[in-house]
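Dear colleague,

I am passing on the structure below, together with some notes on what came out of going through it. Please read them alongside the coordinates.

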Amino acid sequence: MAEMIRSNPSGMSDADKSVAAAADFASVEKHNFTLMHCWKILKDEPKWMELKRKMDMLQNSGSRKDAPPNGHHILDLDAGNSAPSTSAPSSSSGKRPMGRDAAKAAKKKAASSEYVSKIHDLSVQKIELFKETEGERKARLDEIVTLEKVKVEEAREHRKMKLDIEREKLALEKRRLDMEAEKKKEEAEKKEKEEDERILAINLDQCQPLQRMYYQALQEDIIQKLVASRCHGPGL
C-alpha cells in the first residue's frame, strides 16, 4: 500500500489503491491478502506506524550492492531494536536475478493490468445491469400502457352501456306517455259518446220550450258530427 501511495497512480481513489495493493500482494506472494479487516484497524496505530517507518528506512538505506539478490527483509515485531535479517535463496539456474527497480516495475505493471481488468469487469457488469434495468423499465411502461388502454376501453364500454340504458329508459318513458295519452283519449271519446247518447235519448216533446230549443240544437250538432265523421272515414 505504501508503494501504491508513493507511485500515486492518476485517477485512482483510496479504495482503488487498496484493491490494486491487494492485487500487487497476491501477484508477489501467490496468495490473496486475507487480513484486510485487521489492516484497516492497525494501519493508523503507533506501533504499526513505527514498523512502517523502520521498513521505509531499510528500503531507503539499502542499495543494490548490499541487498541480496531477490531477497526479502525480515523484521521481528517483538524485538524493538533488533536489526533486520536477510535471507538469500540459492539459485541453481545461474541466471542473473531481477533487480529491485525491475521487480517493482513488473509488480506495478501486473497490479495495474489486474486493476484495469477488474475495472473493465465492473464496467461490463454495470452496463449489463443498466440494460436489464432499461428492459425492466420498458416492460413496466408497456404494461402501464396496456392497462391504460384496457381502462380506456372499459370506460368507453361503460359510457356506451349507460347511453344505451338511457335510450331504453327514454323509449320506455315515451311509450308510457303515449299509452297514457291514448288511454285518456279513449276515455274522453267514451265520455263524449255517452254524453251524446244521453242527449240524443232526450224526448224533446217532454221538455220545456227553452230546454227543447237547447237540446234540439245539441242533437243537431251531434248528428252533423256523426255525418261528417262518416264522410271522412276510411274508404270514403
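Helix H2, which covers residues 14-29, has 16 residues and reaches 22 Å from its first C-alpha to its last, close to the 22 Å expected at 1.5 Å a residue. Please keep in mind throughout that this is a predicted model. The buried residues of H2 are Lys17, Ala20, Ala21, Ala23, Asp24 and Ala26, and just after the helix Lys30 takes a positive phi of about 65 degrees.

The C-alpha atoms of Ala20 and Lys118 are separated by 9.6 Å, although the two residues lie 98 residues apart along the chain.

Turning to the surface, Glu182, Glu186, Glu187 and Glu189 gather there in a patch of negative charge. One of them, Glu186, is found in helix H5, which runs over residues 100-200. Glu186 has a relative accessibility of 46%, so it counts as partly exposed, since that class lies between the 20% limit for buried residues and the 50% limit for exposed ones.

Finally, helix H6 comprises the 23 residues 209-231, and its end C-alpha atoms are 33 Å apart, which agrees with the 33 Å that it should span at 1.5 Å a residue. The buried residues of H6 are Tyr215, Gln219 and Ile222.

Technical notes:
Residues are numbered from 1 along each chain as its sequence is written. This is a predicted model: local features need pLDDT of at least 70, side-chain atom pairs count only at pLDDT 80 or more; totals for chains, interfaces and linings use all residues. Side-chain values use heavy atoms; hydrogens and water are left out. Helices (H or I, at least four residues) and strands (E, at least two) are DSSP runs, numbered from the N terminus. The expected span of a helix is 1.5 Å times one less than its number of residues. Buried means under 20% relative accessible area, exposed over 50%, partly exposed in between (1.4 Å probe, protein chains only). Patches are made of residues with over 30% relative accessible area and no salt bridge: like charges are joined within 9 Å, nonpolar side chains (Val, Leu, Ile, Met, Phe, Trp, Tyr) within 5 Å. Accessible areas come from the Shrake-Rupley method with a 1.4 Å probe; for residues, only the protein chains shown count as cover. A salt bridge is a side-chain nitrogen of Lys or Arg within 4 Å of a carboxyl oxygen of Asp or Glu. Lys and Arg count as positive and Asp and Glu as negative; His and the chain ends are not counted. The place of a charge is taken as NZ of Lys, CZ of Arg, CG of Asp or CD of Glu.
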